[in-house]
Amino acid sequence: MLKTFNEYLARVCAGFDMRQPLSGQPPGNINGNITSSTHGTLPLIGCSKALPNPLPSGVSAYILISMGGNVAQSVALPLLIAKAVKFGSINLATNVWTHLSAMPTVTELGVSRRMSSALVCVNGTNISSSPGAVTITYQDQDGNTEESTGALNVSGSSLRGDGSIIVLNGSDWAVQDVTNVVQSGGSSPTGTLDLYGLVHLGMLTSTSGATSGTSGQTSQKDGLITTPNPIRLGAGDQVCGFGMQGGSNVQAACLCMLGFVGDTIG
Amino acid sequence: MIKDSNGVLKAAVTYGLWSRFWAQQTGASSSATVDCGGVHGRRFDRTITVPSMSGCNQALLTNCDMSCGDANCTPHFCIEYTLGTLAISGNVFSAGVTMPIKKIGSVNVQTAALKPVLVVTTVLAATLPTITVTYTNQDGQSGRVTGTGTGSTPIILPTNAAVNSAFDIAPHLQSGDTGIQSVQDIDTSGGTSGALALMGLLPLAYNPAAKQHGPVHIPPLALSMPQYRVVTGDRLAMYIFGGFTPGNSINAKCGFAFAGEVG
């Protein structure tokens, strides 16, 4: 595994680097998709292509070492670059929760441990006008199960990509897994909600532009020298860009490039 | 111990980074005045406990991205220690901990809270209460009292200060003092209910160029501030200070990573 800056350089020179674009634009105005109390909006702006699965020969993982590009929106909206771990989806029409994944178990500070993250809820599709509420059952940052958020009102007619950071129970600040989501109330609700945990990789600065896509700020960050954050990413992992703050009726777009280096085997 | 960027890269392989994404929004806090630090402050009360370690016994913050939803605040990512608490009803003080000994470089240093902050943990029912803190200062001298000596004025909190309001009392330390090692007493002049905690902060990273919604990538290895290591059980907290609008709900978000080492 790569342990020095020179090893990273040599690895890039040996052709084990990879560039992937990360781009996207929600279909319309972002207002936050949960009308109950939240920890702020966090729309899903765009995603890069999933990392190769299986990984190429000679590569044990990918490490994000640079990120840069243009982030434009109608209000200042920095872009969070993160590995998105999809806990699952709730179909509001059928009230069926489909679980996909928990946060990964990795070695942290010498201890094998399941990661945790602030809980993000994103509209997987456009939402109908009277969607009702959802109640989320989760495993918290300490591994306690059967924690519940209580009923969270979903914003009617909110658009695909709109998102919010969920207020958890008591003093909980993070989630290891989401075990169930139940829809209630509303009138003929349709749409899907996707629940995510995030592995933070970096943030890109932006400033407000006149309208989405027409202006913005170019920003870049290295993940190797000044702010080393060599998180190992695996086969099929998805890196996405989330809008960090917002007001109401925010429009946003991003066009970025991510630079990875393939880690050695052994 | 980690001494350069290569050390971080190596530690990431040897022990694995501890990395998390945190976010919180809190409601309105009370405005600070010149009688209580002069700078608005707010504490985000969902704190993070540093987890267990194996093979390493301390960790260094190597990466921190912070963003805040107000144009005029400076987010601080800190290790937080409860130096003492006060229940307004009955004026009941409870002692907390002494600031820890931390290794700075290769030297063990008895730290002092350069940022001692009075936090409202339960909303106060008190009209402009005068709060007096008796403490041991940065040099280990006990019996020091806020609001005494030339240039030091008493701490007077706003009436009915809101929960999560945070008041930096450093300007009110006894004349000549710069920090607090421990607290012997906290006293209020009046009030019927509510609670305060005096927190000692060791800042790990801060956003020095406040820009609305704009993240600042804090290079902890390059900052002109002590690189405190964290240990298992340390409590990490987010504060904002500055000219933000106290009456507003404000959210803050932080992505961070720590690398383990043997101290």
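How many nonpolar, polar and charged residues does the lining of the largest pocket have? By class, the lining has 11 nonpolar, four polar and two charged residues. Here Ala, Val, Leu, Ile, Met, Phe, Trp, Tyr, Cys and Pro count as nonpolar, Asp, Glu, Lys and Arg as charged, and the others, Gly among them, as polar.

## Basis

This is a predicted model, in which local features need pLDDT of at least 70, side-chain atom pairs count only at pLDDT 80 or more, and totals for chains, interfaces and linings use all residues. Residues are numbered from 1 along each chain as its sequence is written, chains are lettered from A in the order in which they are written, and side-chain values use heavy atoms, without hydrogens and water.

## The largest pocket

The largest pocket has a volume of about 300 Å³. A pocket is an open set of points on a 1 Å grid over the protein atoms alone, where a 1.4 Å probe fits, with protein on both sides within 12 Å along at least five of seven lines; lining residues have an atom within 4 Å of a point. Volume is the space filled by probe spheres set on the points, which are joined across faces, edges and corners.

The lining counts 17 residues, and the closest to the pocket centre are Val106(A), Thr107(A), Ile231(A), Arg232(A) and Leu17(B). Helix H1(B) gives the most, with three residues. Helices (H or I, at least four residues) and strands (E, at least two) are DSSP runs, numbered from the N terminus.

## Helix H1 of chain B

Buried residues in H1(B) are Gly7(B), Val8(B), Leu9(B), Ala11(B), Ala12(B) and Val13(B); buried means under 20% relative accessible area with a 1.4 Å probe, protein chains only. They pack against H1 (5–13) and E17 (232–233) of chain A, and against E3 (58–68) and E17 (250–261) of chain B. After H1(B) comes Gly16(B), with a positive phi near 85°.

## Between the chains

Chain B puts 51 residues into the contact and chain A 55, with contact meaning heavy atoms within 4.5 Å. Together they bury about 4,200 Å², 60% of it on carbon and sulfur atoms. Buried area is the accessible area (1.4 Å probe) that two parts lose on being put together, summed over both. In chain B, Arg20(B), Phe21(B) and Arg46(B) lose the most area to chain A, together 19% of what that side buries.

One salt bridge joins the chains. Glu108(A) forms a salt bridge with Arg20(B), their closest N and O atoms 2.5 Å apart. The term requires a side-chain nitrogen of Lys or Arg within 4 Å of a carboxyl oxygen of Asp or Glu.

How values were computed. Buried means under 20% relative accessible area, exposed over 50%, partly exposed in between (1.4 Å probe, protein chains only).
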